[in-house]
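This report describes one protein chain for a reader who is new to structures.

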Amino acid sequence: VGLWISMLGQEGSGQGFYKLVNEFSDIINMVLEKAIIPLLPLFIFGNFANMAYSGSVFAILQIFVKIFVCIIALHLIYLVVLFLIAGTYSKRNPFTALKKAIPGYLTAVGTQASAASIPVNVECNKKIGVSKQIREFVIPLCATCHMPGSMITLTACVFTLLHMYQMPHSYGLMIKFIGILGIAMVAAPGAPGGAVMSALPFLPVVGIPSDGPLASILISLYLTQDSFGTAANVAGDNAISMIVYYKHIVKKPIPVEED
């Protein structure tokens, strides 16, 4: 629906529906900002207090400190590989482009929200050399459907929980879960905790009840490092826009300065 509304808007029609959808988006953002996000710290505190009461908090945290280091390393590896692919394809220096995407990365670390990082990320994309038409379409679109950092975090956290509690965690099961997440993340809102909340209905695929204690642990642990997953999502959007822009101009090198 969003794609078609955008196309109608470019043709000068469908303005009423476009305004309606934008206003509905403002309502959702207000609910997240005023009600959901302020309560997240209380939710996390409650879950950790419950784990402390049961005596399992230190055992869980000792394991997850290690997995968090692995998750951040995977984020960085993913970004380097993605920018190498985008730079090779678009005939640009991938490390220069990655350096120009750092302000968007840092903004996402601070805000924990892809949507809140859009203005800064669009400016980063402009400095990379992507045209206004492409960057103002690709960056907002990717903020809601390009969430590899969140998927890396979710997959790693779920695998760790399954391994800790000696539940089935075969490669076939995890690949199936990753495939489902690839579809589910398209519906994830670009707000703190949006990815893990969108993944909850699909946790039973790997044997974790959506309303059980393991799901609560997963939510708490995911939210404690959501900043870095969001930052990987946001920074990677720039590489995607480079590829789209290069393809759009029929495989001509991206100019250093915008036309």
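Gln-166 sits in the loop between helix 8 and helix 9. Helices (H or I, at least four residues) and strands (E, at least two) are DSSP runs, numbered from the N terminus. The model is predicted, so local features need pLDDT of at least 70 and side-chain atom pairs count only at pLDDT 80 or more, while totals for chains, interfaces and linings use all residues. Residues are numbered from 1 along each chain as its sequence is written, and side-chain values use heavy atoms, with hydrogens and water left out.

Gln-166 is not a glycine, yet its phi is positive, about 55°. Is Gln-166 buried or exposed? With a relative accessible area of 74%, Gln-166 is exposed. The classes are buried (under 20% relative accessible area), exposed (over 50%) and partly exposed (in between), with a 1.4 Å probe and protein chains only.

Lys-91 lies in the loop between helix 3 and helix 4 (94-100). Its relative accessibility is 55%, and therefore Lys-91 counts as exposed.

## The chain as a whole

How many helices and strands are there in the chain? There are 12 helices and zero strands. The chain has 259 residues, and 42% of them are buried.

The accessible surface of the chain is about 13700 Å², and carbon and sulfur atoms hold 71% of it. These areas come from the Shrake-Rupley method with a 1.4 Å probe; for residues, only the protein chains shown count as cover. Contact means heavy atoms within 4.5 Å. Of the contacts in the chain with a separation of 6 or more, 74% are between residues 24 or more positions apart.

Helix 8 covers residues 148-164, which is 17 residues, and spans 24 Å from its first C-alpha to its last, close to the 24 Å expected at 1.5 Å a residue. The expected span is 1.5 Å times one less than the number of residues in the helix.

Helix 11 has 12 residues and reaches 17 Å from first C-alpha to last, close to the expected 16 Å. Nine of these 12 residues are buried, so helix 11 is largely enclosed by the rest of the structure. Among the buried residues are Leu-214, Ile-217, Ser-220 and Tyr-222.

## The nonpolar cores

In soluble globular proteins, nonpolar side chains tend to be buried together. A nonpolar core is a set of buried Ala, Val, Leu, Ile, Met, Phe, Trp, Tyr and Cys residues joined through side-chain atoms within 4.5 Å. The largest core here has 40 residues, and those that touch the most other members are Phe-64, Leu-154, Val-158, Met-185, Leu-203 and Ile-208. Elements that give two or more residues to this core include helix 2 (15-54), helix 3 (57-90) and helix 9 (171-184). Helix 11 gives the most, with eight residues.

Which residues does Ile-208 touch, not counting those up to four places away in sequence? They are Val-158, Leu-162, Met-167, Leu-203, Leu-214 and Ala-215. A second, separate core has 13 residues, including Ile-128, Val-130, Ala-239 and Tyr-245.

Asn-47 is in helix 2 and is buried, with a relative accessible area of 13%. Leaving aside neighbours within four places in sequence, Asn-47 is in contact with Ser-216 and Ser-220. Asn-47 and Ile-217 are 170 residues apart in sequence, but their C-alpha atoms are 6.8 Å apart in space.

Arg-135 belongs to helix 7 (residues 132-145). Arg-135 counts as buried because its relative accessibility is 6%. A polar atom of the Arg-135 side chain lies 2.8 Å from the backbone oxygen of Val-130.

## Cysteines

A disulfide is a covalent bond between the sulfur atoms of two cysteines. Here a disulfide is taken as a pair of cysteine sulfur atoms within 2.5 Å, and the count comes to zero. Cys-70 is partly exposed at 41% relative accessibility, whereas Cys-157 is buried at 0%.

Key: A polar contact is a pair of N or O atoms within 3.5 Å; within protein, one must be able to donate a hydrogen and the other to accept it, and residues adjacent in sequence count only if both atoms are side-chain atoms.
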